[in-house]
Amino acid sequence: MAPSLVLSDWWTKDSRKGGTPVVVTMENPNYSVLEIDGPDAEAFGSMDKDRGKNARQFTWVLLLKAHRAVGCVAWLAAALWALLGAVKKRLFLRRGVSTEREKPGKGRFLFKFIRGFLVLSLIALAFELVAYWKGWHFQKPDLHLPESFHIPETIEIQGWMHKAYLSWLSFRAKYIAYPIQVLSSICIILFIIQSVDRMILCLGCFWIKFKKIKPRIEGDPFKADDGSEYPMVLVQIPMCNEREVYEQSISAVCQLDWPKDCLLIQVLDDSDDEAIKLLIRAEVSKWSQRGVNIVYRHRLVRTGYKAGNLKSAMSCEYVKDYEYVAIFDADFQPNPDFLKQTIIHFKGNPELGLVQARWSFVNKDENLLTRLQNINLCFHFEVEQQVNGVFLNFFGFNGTAGVWRIKALEDSGGWLERTTVEDMDIAVRAHLNGWKFVFLNDVKVLCEVPESYEAYRKQQHRWHSGPMHLFRLCLPAIITSKISMGKKANLILLFFLLRKLILPFYSFTLFCIILPLSMFVPEAELPVWVICYVPVFMSFLNILPAPRSFPFIVPYLLFENTMSVTKFNAMVSGLFQLGSSYEWVVTKKAGRSSESDLLAAAERESKTLQLHKGSSESELTELNKLKEQQEKAPLPVKKANKIYKKELSLALLLLVAAARSLLSAQGIHFYFLLFQGGSFLLVGLDLIGEQMS
């Protein structure tokens, strides 16, 4: 039966004054069923008297309804026009400024797949609209009961388009629905397994909180008045073109509460900007003149990225005199008592190879993007790292804010330049050699998270392509290692496959491919609990370590699904060693940490005076030249926000699927697709986070 749009109810529901409804049913099937609100007896008697008045009232009601309808259409048109204007403006800005170009072939296959999927969905939507208005829809067939799917007889077919639509329904039920159902079942199983893993981690975290389990300290604390009790510690600060944050990191490390004769600070600079190199050397010179044991190292050739930088520093002859090495990235600011809180755990524990501290973010409330990152990273440290550290004595090294026993690094082969996740690489190799790790959830080190989507996207690409590249390299060593079968299973099944490969795979496939596809293949429709209930519950668990972020639970869920396209692309490139799997882009910093510290700000204002007092004549000449160049240089121009084609294509795909779900009256699917498509649209237009300057 053709669908009917009963507009009379909508047009007249506000103008009904009461009365007895009269239903007139016609025997002739060519006529429709009419429902008339008839007047009662008294009103019928005065109908002629008020006929003119009622006619005028009815006219005004019609005009009012028409005005509302025109206003709604005008609002939708204005919103669409504003969106098109924003897109046009951004495309114009991209032509007006120089932006980084993606490498040829990087992510092109995935983009072509999404674009082709979008074109097919548009064609299918147009076809379904025609079928809807002509009333060709049928009940959803049961794949297990083929006879329940009724195909009309030849005399019932209304033209070639109707015949084509019936052929499509038959082909869809026989050949398309079943493979999609199989793939969706696989993804749902993986989704359930990953959700169970998250729940187990959360239960482990609750148990740690309930039992107040913390790493135990064996032995007496260090004596402040006896320098012989303090071991020799090497502190390394690897950096590359870190103009915004180099000063605050060097300043924080130089103020560590540790005997000066037992501490050496290495500033490992890989900068290729002469101005930045000069500033960093001047900062090192300033602290050296204050009595701090600090050295500056610069490599002429930046091979191996951060791993090559650390490997070069560890090859110095004087490193053999030190027992431990602490590593801090350029935006990290440890508290003065950091070494006293971490080195103490090595005493009396010769099997301990690593002590990892937690990160704390100074710009977590800067914008929506930083708030969402804070949710993810709080769960990572509070739950994943803490639970694995307490129950397994193993977790992935975070690359910074940690202290290594130098002997553990040497026994594990040292820093290798084979991947972009050198921190995870050394952690896995140390675990295979029997070294234990300790995570200190109470020791926090200040740092910052990326404030722009461009920087965050590049960071996530490196964090998800590197582990898959490392998995290919480490799998033979894991299988042939002498550790127990339980530890091997944990490394292969949980650490790499479940949390690094399966998570981005099912998230992208299930919510970005199968879900919109199921709108055009109703036989493979996903259940509501997969779309709504379980994801909301898992998002609630993820947000527990950051309870202040609870109002952002819905944006967090949508944004995680949006990031799945980047993570999936990175995972595939790392697994199959594509061109972008060994790409390192330094995460752009904003220097928010130093701006929030008034003491550091005051110190920066007096920097020029201190440098003139303690610098040589050659350094003064170079600094004066640098100052003149900076004064003559024009003000930095903000780069236009980029357009991300894959995200925009997925946004249109999900919105098209949402329009298709309206025809089937699928409530929760429509709202999910609508909001998820809006999330992809915001990200694709780079409307989340700050602009890159």
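# Briefing on a predicted chain

Buried residues, meaning those under 20% relative accessible area with a 1.4 Å probe and protein chains only, make up 48% of the 693 residues in the chain. This is a predicted model, in which local features need pLDDT of at least 70, side-chain atom pairs count only at pLDDT 80 or more, and totals for chains, interfaces and linings use all residues. Residues are numbered from 1 along each chain as its sequence is written, and side-chain values use heavy atoms, with hydrogens and water left out.

**Confidence**

- The chain has a mean pLDDT of 81, and 72% of its residues reach 70 or more; pLDDT is the predictor's confidence in each residue, from 0 to 100.
- Over residues 91–102 the pLDDT is below 50, and this stretch has 15 contacts in the model beyond near neighbours in sequence. A contact means heavy atoms within 4.5 Å.
- Residues 607–615 also have pLDDT below 50, with 15 contacts in the model beyond near neighbours in sequence.

**Overall make-up**

- The chain holds 22 helices and nine strands. Helices (H or I, at least four residues) and strands (E, at least two) are DSSP runs, numbered from the N terminus.
- Of the contacts between residues at least 6 apart in sequence, 81% join residues at least 24 apart.

**Helix pairs**

- Helix H6 (residues 246–254) and helix H7 (residues 274–289) have axes that come within 10 Å and cross at roughly 20 degrees. Axes are lines fitted to C-alpha atoms, for helices over the stretch in contact, and angles run from 0 to 180 degrees between N-to-C directions.
- H6 and H7 are therefore roughly parallel to each other, since angles under 35 degrees count as roughly parallel, over 145 as roughly antiparallel, 65 to 115 as roughly perpendicular and the rest as oblique.
- The crossing of H6 and H7 is right-handed. A crossing is right-handed if the near helix is turned clockwise from the far one by less than a right angle, and left-handed if anticlockwise.
- On the H6 side, the contact is made by Tyr246, Glu247, Ile250, Ser251 and Cys254, and on the H7 side by Leu279, Ile280, Glu283, Val284 and Trp287.
- The axes of helix H15 (residues 528–543) and helix H22 (residues 667–684) come within 9 Å and cross at roughly 65 degrees, and this crossing is left-handed.
- Val528, Ile531 and Cys532 of H15 make the contact with Ile668, His669 and Phe672 of H22.

**Positive phi values**

- Most residues other than glycine have a negative phi.
- Lys212 has a positive phi, near 55 degrees, and sits in the loop between helix H5 (159–211) and strand S3 (233–239). At 69% relative accessibility, Lys212 counts as exposed, a term for values over 50%, with partly exposed lying between exposed and buried.
- Asp686 also has a positive phi, near 60 degrees, and lies in the segment after H22. Asp686 is buried, with a relative accessible area of 5%.

**Phe576**

- Phe576 is in the loop between helix H16 (553–575) and helix H17 (592–595), and is exposed, with a relative accessible area of 53%.
- Phe576 and Met468 are 108 residues apart in sequence, while their C-alpha atoms are 8.4 Å apart in space.

**Cysteines**

- A disulfide is a pair of cysteine sulfur atoms within 2.5 Å, and by this rule the count is zero.
- Cys316 is buried at 13% relative accessible area, and Cys474 is buried at 2%.
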